[in-house]
Amino acid sequence: MENVGFIGLGVMGRPMAEHLLQAGYALHVWARRPESCGPLVAAGAQVCASPAELAARCSRVITMVTGSGDVASLAEGPEGLAAHLAPGSVWMDMSTIAPTTARQVGALLAARGVDFLDAPVSGGEQGARDASLSIMVGGETRVLASVQPLLACLGRTVTHIGGIGAGQVAKACNQMIMVAAIQACAEAMHLAQAFGLDLAAVRQALGGGSAASRVLEVMGARMVRGDYAQGIEARLHHKDFGILLQAAHDLGAPLPVAAQVEQQLNALMARGWGREDTASLLRVLAATDGDNGPARV
């Protein structure tokens, strides 16, 4: 069995790692919080004492961590992955990070004869559990071909976008469209509320027309219920928008809608709702009403 290392055993990483175990891979795991490894070890995974030990054991490594700094810290230094992965190994980072960080890590590994793919995903926790993720890959075609069986255990679609960093650009595009749609849904529900309408009825009507979307179906339902505890934590979307707008700034690419959505995410974070669902963008609008006291229709 091929030795595969996995780092990042959070809400999405843990079910992804479980799929690899179920597929018969010899799984090795490491986590900053050792208790995170417990369920996987009980299912047959082997725990490593450090990223260096994991890299020394495995020819294929997957990381699913929070941000650019996390990936960089795993890569660098005498105890980092780069120093201990054998030439010919492949590191697939499935986190959402800056394209520049992906390229920097790729260059560091290339100097040591190690291949790198940036392979961020879309589909959320449910997609991770169902192995139905959409995987957007940056890197060399030959490297992707060598790990296709691994990625097939995790996602329904695997799309090669381009060179290293291209996967992260595609993920940024995904996040722009999705979160802008959540904001649009929140504004629609907010307007319906201002008119005193039944939000469930409005959502049902919209879902039968051209406004129908996965965002309206899932996030709209949470807004109707006032249930903001489920789904992806808003702080992660806030992080993603910081990455994509910084990249746009560096390129001089105007993103006016994304910039406005980021301001709403900033307001959400300021209200202390970062660990709740991004459907909380409706609460931001309601809170602004409370601040300004506009007349109701």
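Biologist: Hi! Before we dig in, what kind of model is this, and how are residues numbered?

Modeller: Hello! It is a predicted model, where local features need pLDDT of at least 70, side-chain atom pairs count only at pLDDT 80 or more, and totals for chains, interfaces and linings use all residues. Residues are numbered from 1 along each chain as its sequence is written, and side-chain values use heavy atoms, with hydrogens and water left out.

Biologist: Great. How many helices and strands does the protein have?

Modeller: There are 14 helices and 9 strands. Helices (H or I, at least four residues) and strands (E, at least two) are DSSP runs, numbered from the N terminus.

Biologist: And the overall dimensions, what box do the C-alpha atoms fill?

Modeller: Roughly 65 × 45 × 35 Å, taken along the principal axes.

Biologist: What share of the residues is buried?

Modeller: 49% of the 297 residues count as buried. Buried means under 20% relative accessible area, exposed means over 50%, and partly exposed is in between (1.4 Å probe, protein chains only). The accessible surface comes to about 13400 Å², and 55% of that belongs to carbon and sulfur atoms. Those areas come from the Shrake-Rupley method with a 1.4 Å probe; for residues, only the protein chains shown count as cover.

Biologist: Switching to charges: how many salt bridges do you count?

Modeller: The count comes to 15 salt bridges, each being a side-chain nitrogen of Lys or Arg within 4 Å of a carboxyl oxygen of Asp or Glu. One of them joins Arg32 and Asp70 at 3.6 Å, N to O. This pair links distant parts of the chain, 38 residues apart: Arg32 is in the loop between β2 (26-30) and α2 (38-42), while Asp70 is in helix α4 (residues 68-75).

Biologist: Is Arg32 buried or exposed?

Modeller: Arg32 counts as exposed because its relative accessibility is 65%, whereas Asp70, at 21%, counts as partly exposed.

Biologist: Which residues form a network of salt bridges?

Modeller: Asp115, Glu140 and Arg142 are linked that way. There is also a bridge between Arg283 and Glu276, with the closest N and O atoms 2.8 Å apart.

Biologist: Now Met92. Where is Met92, and is it buried or exposed?

Modeller: Met92 is in strand β5 (residues 90-93), and it counts as buried because its relative accessibility is 0%. Leaving out residues up to four places away in sequence, Met92 touches Arg60, Val61, Ile62, Thr63, Leu117, Val147, Leu150 and Leu151. Contact means heavy atoms within 4.5 Å.

Biologist: And which residues make a nonpolar patch on the surface?

Modeller: Leu191, Phe195 and Leu197, with about 310 Å² of accessible area together. Patches are made of residues with over 30% relative accessible area and no salt bridge, where like charges are joined within 9 Å and nonpolar side chains (Val, Leu, Ile, Met, Phe, Trp, Tyr) within 5 Å. Leu191 is found in helix α9 (residues 166-194) and counts as exposed at 51% relative accessibility.

Biologist: Last one: what is the phi of Ala131?

Modeller: Positive, about 55 degrees, although Ala131 is not a glycine. Ala131 lies in the loop between α7 (124-130) and β8 (133-138). Most residues other than glycine have a negative phi.
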